[in-house]
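Here is a short briefing to read alongside the model.

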Amino acid sequence: MLINTVLLFLQNALPIFIITSLLLIRFSSETIKTFSVKWLVLGLLFTIIIAFILSNNLENISQAADGKGIELFLSLGLLLVYLFSMGLFILNSTDSGTGYDSFIKKQLAFMVFIIISILNGAHFIVYLTNYWAQAQQIESMLIGIILGGGICLSISILFYFLLKYADQNIHQKISSYFLVFFALGQLMHAIVLLQQVDIFSSSQPVWNSSSIIAENSELGQLLTVLFGYESTPSPLQLIIYVLAFIIPVMISHFTSIRLFICGEKT
Amino acid sequence: MINAYLCRYIKVFFISVLLLLSFNLQAKRSEYHIAIKNHLFEPAKIVIPANTKVKLIIYNHDENVEEFDSFDLNREKVIFPNQQAIIFIGPLLVGEYNFFGEYHPHSARGKVIVNNIENVNNGGTKVIEIDKGGQNAN
């Protein structure tokens, strides 16, 4: 029970902590004013309320669209996370320094954080209410949440300072690329969900690296959140991963060059 | 100018997704039924043919939520009390693929065994072998 709660907490909360670190580092490394405390508190309250509403309605959603409701709903949410993150990445790379760009970036970052938190939070609330209803080992559950929270917080703080160091000393765009890989991970999850309900075709995996890094190991979980690691990727997943990486990188690269030529960026 | 590039990128992405959706035609799949009772999977083992996509229908007869989870099959789905869930698996290579109930991982455990079994075509339904004396899973 204790270990299970820790694992489930890690699985659901780690993406929220990692995206918080990634977004904070992007805003702290730029001259953009971060969100005000009022907006942060309101945003957090809104996220918690929506996560509770969603968790109460997951049962109805699961029966929608011939039992494909949850997969369709989650994959749409994850697809939006990918799109908003890529929008953020492109704007970060091509920032002309206008106030309008900063406004758009804040909105995109806010949406990414809210969607990730709501989707993962709702899933964890279902687990918590399920155990709460059974009134079994509540003490173990609470300890599990505290331990899981501590691990997530430690990883995200370490991640934040490592990326900050890398941005300042190795290359200023490293954290931007980490945001791309994080979003690709969310996109891979969406593809698996759509393959699960036979909307996307699935075929035999291209390789099986589970003997090297198992997906259910701690390292596997971390790599899944950071890069969308799959030990048995299908050809479709691999093609989409490569394309979904190359297209925004190329767009940001060419836009950046064009803006430089046009004199809008120095 | 940046917004124009952003719009172009979003258009390209949505067209790609629509193209991908059109690739997978919905075909009739063989069905395999699993029940969750008292936090146990029944049957705990199912045998499916190699290189074939199949449809798993999982009924949760318990009064608690359960989550079908499998790292081997790369599948994860929450199943609410007294409801059923549908998951498609495969095509798979010959071997054993473990699955478990994420909310009761110690009791709810099972495996999908992929064999080169002979599928007997019996009036449009496929007969499969399962661990308890070769019952018909359909």
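A residue counts as buried under 20% relative accessible area, as exposed over 50%, and as partly exposed in between, using a 1.4 Å probe and protein chains only. By that scale Phe245(A) is partly exposed, with a relative accessible area of 23%.

This is a predicted model, in which local features need pLDDT of at least 70 and side-chain atom pairs count only at pLDDT 80 or more, while totals for chains, interfaces and linings use all residues. Residues are numbered from 1 along each chain as its sequence is written, chains are lettered from A and ligands numbered from 1 in the order in which they are written, and side-chain values use heavy atoms, with hydrogens and water left out.

**Helix packing in chain A**

- Helices (H or I, at least four residues) and strands (E, at least two) are DSSP runs, numbered from the N terminus.
- Helix H6 (residues 174-196) of chain A packs on helix H7 (residues 218-227) of chain A at an angle of about 105°, and their axes are 5 Å apart. This makes H6(A) roughly perpendicular to H7(A), where 65 to 115 degrees counts as roughly perpendicular, under 35 as roughly parallel, over 145 as roughly antiparallel and the rest as oblique.
- Axes here are lines fitted to C-alpha atoms, for helices over the stretch in contact, and angles run from 0 to 180 degrees between N-to-C directions.
- On the H6(A) side, Phe178(A), Phe181(A), Phe182(A) and Gly185(A) meet Thr224(A), Val225(A), Leu226(A) and Phe227(A) of H7(A), with contact meaning heavy atoms within 4.5 Å.
- The residues of this contact of H6(A) with H7(A) divide into 6 nonpolar, 2 polar and no charged. Ala, Val, Leu, Ile, Met, Phe, Trp, Tyr, Cys and Pro count as nonpolar, Asp, Glu, Lys and Arg as charged, and the others, Gly among them, as polar.
- Within H7(A), the residues Gly220(A), Gln221(A), Leu223(A), Val225(A) and Leu226(A) are buried. Just after H7(A), Gly228(A) takes a positive phi of about 75°.

**Aromatic pairs**

- Rings of Phe, Tyr and Trp (its six-membered ring) pair if their centres lie within 6.5 Å; planes under 30 degrees apart count as stacked, over 60 as edge-to-face and the rest as tilted. The count by this rule comes to 14 aromatic pairs over all chains.
- Phe159(A) and Phe178(A) have ring centres 5.5 Å apart and planes at 75°, so this pair is edge-to-face. The pair links distant parts of the chain, with Phe159(A) in helix H5 (residues 138-169) of chain A and Phe178(A) in helix H6 of chain A, 19 residues apart.
- Phe159(A) counts as buried, at 10% relative accessibility.
- Tyr177(A) and Phe245(A) form a tilted pair, 6.4 Å centre to centre with 50° between the planes. Tyr177(A) lies in helix H6 of chain A and Phe245(A) in helix H8 (residues 235-262) of chain A, so the pair ties together parts that are 68 residues apart in sequence.
- Tyr177(A) is partly exposed, with a relative accessible area of 27%.
- Ring pairs link Phe89(A), Phe159(A), Tyr177(A), Phe178(A), Phe181(A), Phe227(A) and Phe245(A) into a cluster.

**Chain B overall**

- Chain B has 1 helix and 11 strands, and 51% of its 138 residues count as buried.
- Among contacts in chain B with a separation of 6 or more, 58% are between residues 24 or more positions apart.

**Strands of chain B**

- Two strands pair if DSSP finds at least two bridges between them.
- An open sheet of 4 strands has the order E2-E1-E4-E7 (chain B), with mixed pairing. Strand E2 (40-42) and strand E7 (83-89) of chain B stand at its edges, each with a single partner strand, so one side of each is left without a neighbour in the sheet.
- Neighbouring strands of this sheet are turned by 25° against each other on average, direction ignored.
- Strand E4 (residues 54-60) of chain B pairs with E7(B) in the antiparallel sense over 7 bridges, and Ile58(B) stands opposite Ala85(B) in E7(B).
- Strand E5 (residues 66-70) of chain B runs antiparallel to strand E8 (residues 95-101) of chain B, joined by 2 bridges; the partner of Phe68(B) in E8(B) is Gly101(B).
- Both faces of E5(B) are covered, with Glu66(B), Phe68(B) and Ser70(B) buried on one side and Glu67(B) and Asp69(B) buried on the other.
- E5(B) also pairs with strand E6 (residues 75-79) of chain B, antiparallel over 5 bridges. In the hairpin of E5(B) and E6(B), with 4 residues between the strands, Asn74(B) takes a positive phi near 60°.
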